[in-house]
Structures are given as structure tokens and as C-alpha cells.
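Trainee: I'd like to learn how to read an interface and a helix from coordinates. Could you walk me through a case?

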Protein chains: 2
Amino acid sequence: MEAAIDEARKGFGEGGLPIGSVLVCDGRIIGRGHNRRVQDGSVIHHAEMNCLESAGRQPASVYRRCTVYTTLSPCPMCSGAMILYGIGKCVVGENRTFMGAEDLLRSKGVEVVVRDEEACFALMKAFIERSPEVWNEDIGT
Amino acid sequence: MEAAIDEARKGFGEGGLPIGSVLVCDGRIIGRGHNRRVQDGSVIHHAEMNCLESAGRQPASVYRRCTVYTTLSPCPMCSGAMILYGIGKCVVGENRTFMGAEDLLRSKGVEVVVRDEEACFALMKAFIERSPEVWNEDIGT
């Protein structure tokens, strides 16, 4: 989770949404990323998507053994990506700022663990106070 | 749908998965794209995602009035993206090759219309006969 928070901080430092993610397979980080809405004008590079993309094309046998660490509860798009690729587990930094599609993940057999990490929450709070309209756009509201 | 099929054909011509998509708002195409797994080594640029990305950052008020046309039934990731952004309607070329998360879309209030277009089916059949392993990878199996 520390590596995901580092990614979130990197995003914050770039003026972007401070949401980070890493993909771990057999104890090794094979992908990492952060939200790129502000930096690249991207509507699909949420942290988890950017992280999955950075890991490149992987066989189902790898995804199955993977855990996605994300600093914020994953939205329907990112949850859908985890379901598509058969990710085994998702560790969530916090879901106080935003409750994603955790129920959907669980209903599809993905193990979801919520950590409620203060560092993740504080980064989001700082960003949303500064740019509420960008945050609203990021979650489609 | 013709424009989405054109995108699928473009993908096929590039050696890629022949799945295309366009985003229509108030009768005008504001985004278009096709699957980029083979061409860019992308795991997130499914046709619908590539199409949404090409439309750029849009407010919720625009997405709400949008229809996504896609040549193939949308997977959980692409369906999740439509749910995230509050897309109003999704028109599907065919769902014989692959049944996506149409039930999930409907449960979230997205209108889903399935066309069962022979051209969409024929493109997928030709690709899967040529590269079954790439197709399996694309749907996480």
C-alpha cells in the first residue's frame, strides 16, 4: 500500500488527482500508476487502469494471482476491469471519500479488503478542497 | 452503427481485434475508436474505452445525452465505464460471439439495444479463427 500511496503523492505533485495503484503478483510489483485526468486529459486512466496498462498484456494465469492495491475505493470502470481480467484480490486505501463498486467486486468473487488509511484520505481531502469540479468530473457527477 | 463497423474494419486491417465504437451526442459523433490490444499492446483500450478517450473530458450533462455504439457486447470494464459516466444508451452490434455485462448496464438504468448485425459477427469470426489466443486474452480467459 505504501507504493500505491507514493503513486498518489506523485499525482498530487503533478497537480492531478491523488489516487495511486500498484499491481502485485506473487509478492512482486508488476505494474504501477496514478490517475492521469489532469496530466493527460484522460478519462480512462484512473489509477487502477493506468496501473493495469503499465503491467502490459498478461495471461489470465497471472491476473488470477494478482492483488490490486488502490488508495481509493475503485469506481465501476476500474472494478469492471478487475472482473474482466479475473484479479483475485483488491486492497483499498479508503472508501470514506468515495464508495466504489466494492459490492460488485465481491459478488464476482474478488476479495476486497478496506484499510481506511489516513494518508489516502488526507490526500483526497486536500485535492477536493482545491479542485472540487475536477473530482466531480472524475466520478461522472 | 455503420461508423462503429468502419472502426472495427480499420482495426481488422491493422491486424487487431475487429471491435469498433462511436460515441454519439445529440445526433453527432463526438468520439470514435477501436480495440488497440494488438496495435499498442494495450489492455485497457477496448473499443469503447478508446472511443470514450478520443472524446476527451466531457461533463456529466453531455454523457447523459450520449449513446455508445459498439460492434460487440461490452465487457465488464467497458460497461463499468458507461455506468461511471452515466451514459444513457448503448447500441450493441452483436452478442453471439461474446455476452458482455448487458444485465449490469440495464440494472443501472442504461438502455441496451442489441442489433445482431451480421457484419459485426463475421468480422469477429474471421479474427477468432486466425488468432484465438489473442481473443481469449482480450476477454481475460
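Trainee: How much area do chain B and chain A bury between them?

Mentor: Interface size is often quoted as the accessible area lost when the parts come together. In this predicted model, chain B and chain A bury about 2600 Å² between them, with 65% of that on carbon and sulfur atoms. Chain B puts 31 residues into the contact, and chain A puts in 31 residues.

Trainee: And how many salt bridges does the rule find across the interface of chain B and chain A?

Mentor: Two. In a salt bridge between A:Glu137 and B:Arg57, the side chains come to 2.6 Å, N to O. There are also twelve residue pairs in polar contact between chain B and chain A, both partners at pLDDT 80 or more.

Trainee: Which helix gives the most to the side of chain B that touches chain A?

Mentor: H5(B), with seven residues. Helices H2, H3, H4, H5 and H8 of chain B each supply at least two residues there. By type, that side of chain B splits into 17 nonpolar, nine polar and five charged residues.

Trainee: Which residues of H1(B) are buried?

Mentor: An α-helix has 3.6 residues a turn, so residues three or four places apart point the same way. Here the buried ones are B:Ala3, B:Ala4, B:Ile5, B:Glu7, B:Ala8 and B:Gly11. Their cover includes strands E1, E2 and E3 plus helices H2 and H7 of chain B. After H1(B) comes B:Gly15, with a positive phi near 90°.

Notes:
Residues numbered from 1 in each chain as written. Chains lettered and ligands numbered in written order. Predicted model: local features only at pLDDT ≥ 70, side-chain atom pairs only at ≥ 80, totals over all residues. Heavy atoms only, no water. Contact = heavy atoms within 4.5 Å. Buried area = accessible area lost by both parts, 1.4 Å probe. Salt bridge = Lys/Arg side-chain N within 4 Å of Asp/Glu carboxyl O. Polar contact = N/O pair within 3.5 Å; in protein donor to acceptor, adjacent residues only side chain to side chain. Helix = DSSP H or I, 4+ residues; strand = E, 2+ residues; numbered from the N terminus. Nonpolar A, V, L, I, M, F, W, Y, C, P; charged D, E, K, R; others polar. Buried < 20%, exposed > 50% of the residue type's maximum accessible area, 1.4 Å probe, protein only.
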